[in-house]
Amino acid sequence: MITFSGLSQDYSQKTIYSWYDKQSGIENSILFRGIEYVEKDRMINEKHKFFKTQLFQNGSLTYDGQTFYGVPLKYNIFNDLLLVNLQQGSKNLIFQLIRNKVDSFTIDSHKFKYLNDSNLSEIEGFYEVINDEEEFKIYKKYLQNSRELRDENVAYIEFSMEDSIYIYQLGTDFYKLGNRNDLISKFPQLKKEIRNFYKQNKLILKDSPEVFMSNLAREMNILISSLSNKV
């Protein structure tokens, strides 16, 4: 057992949990309650299936109710799997974590959450958090396709990014966010404001869709708040 009162008040929560993991041994943690991962696809170039890099990066995650920091993580976009690299004695093991037990994880300052909507079967899996600070939240789903190639006697797979899918959350419900009409159908009383926002920010939408979506979330929260105040 560890009591926070026995530690310096200057320690952050991150420092405390990292210290605890070192004392108890992360190899004894619930992170080993996953499935050992075996890579079946041969990848020989930068067109791989992983987020940002094929290398493991230290990140944080909340898994089965417990939070871990400084854990080697890798996100497999194509198969929508979170991988963790753990040491067990002299062995180096790679596990794929059980998806619905992963509440959230962060890699390279990018935060992802596991989302599941029983009313929309296609909304299930890991989504990057674009903005989740208030009532109206926006998430991004990365997608990839694959093709098999052959170089002399070597067969390998190349993965390429498809257009990402955006969704928004209002309360406990999720909705598709393909274009402005998806918002107008839900908020007909804000039709003018939504159209103006898309019109004024069309270049940002084209060049930096993530920035656009983050700004959109802030704008929608302001507009929704103003509606509530009028009621």
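Colour by pLDDT to begin with: this is a predicted model, with a chain mean of 86, and 86% of the residues reach 70 or more. Strand E9 (residues 136-141) scores highest, at a mean of 98, while helix H1 (residues 13-24) is lowest, at 41.

Now select residues 1-24. pLDDT stays under 50 along this stretch, and the model gives it 15 contacts beyond four places in sequence.

Next, the largest nonpolar core. It has 23 residues, and Leu-31, Leu-61, Leu-82 and Phe-105 are the ones that touch the most other members. Strands E2 (57-63), E3, E4 (81-88), E5 (91-96), E6 (102-107) and E7 (110-117) each give two or more residues to this core. E3 supplies the largest share, four residues.

Click on Phe-105 and show its surroundings. Beyond four places in sequence, its contacts include Leu-61, Leu-73, Leu-82, Phe-112 and Phe-126. Then jump to a second, separate core of 21 residues, with Leu-170, Tyr-198, Leu-216 and Ile-224 among them.

Last stop: Lys-74, in strand E3 (residues 66-76). Which side chain of opposite charge is nearest to this buried lysine? That's Glu-39, but at 6.4 Å away, and Lys-74 has no salt bridge; the cut-off for one is 4 Å. Instead, look at the backbone oxygen of Gln-54, which the Lys-74 side chain reaches at 2.7 Å. Among the other residues Lys-74 touches are Phe-50, Phe-56, Leu-81, Leu-83 and Ile-107.

Terms used
Residues numbered from 1 in each chain as written. Predicted model: local features only at pLDDT ≥ 70, side-chain atom pairs only at ≥ 80, totals over all residues. Heavy atoms only, no water. Buried < 20%, exposed > 50% of the residue type's maximum accessible area, 1.4 Å probe, protein only. Lys, Arg positive; Asp, Glu negative; His and termini not counted. Polar contact = N/O pair within 3.5 Å; in protein donor to acceptor, adjacent residues only side chain to side chain. Contact = heavy atoms within 4.5 Å. pLDDT = per-residue confidence, 0-100. Core = buried A, V, L, I, M, F, W, Y, C linked by side-chain atoms within 4.5 Å.
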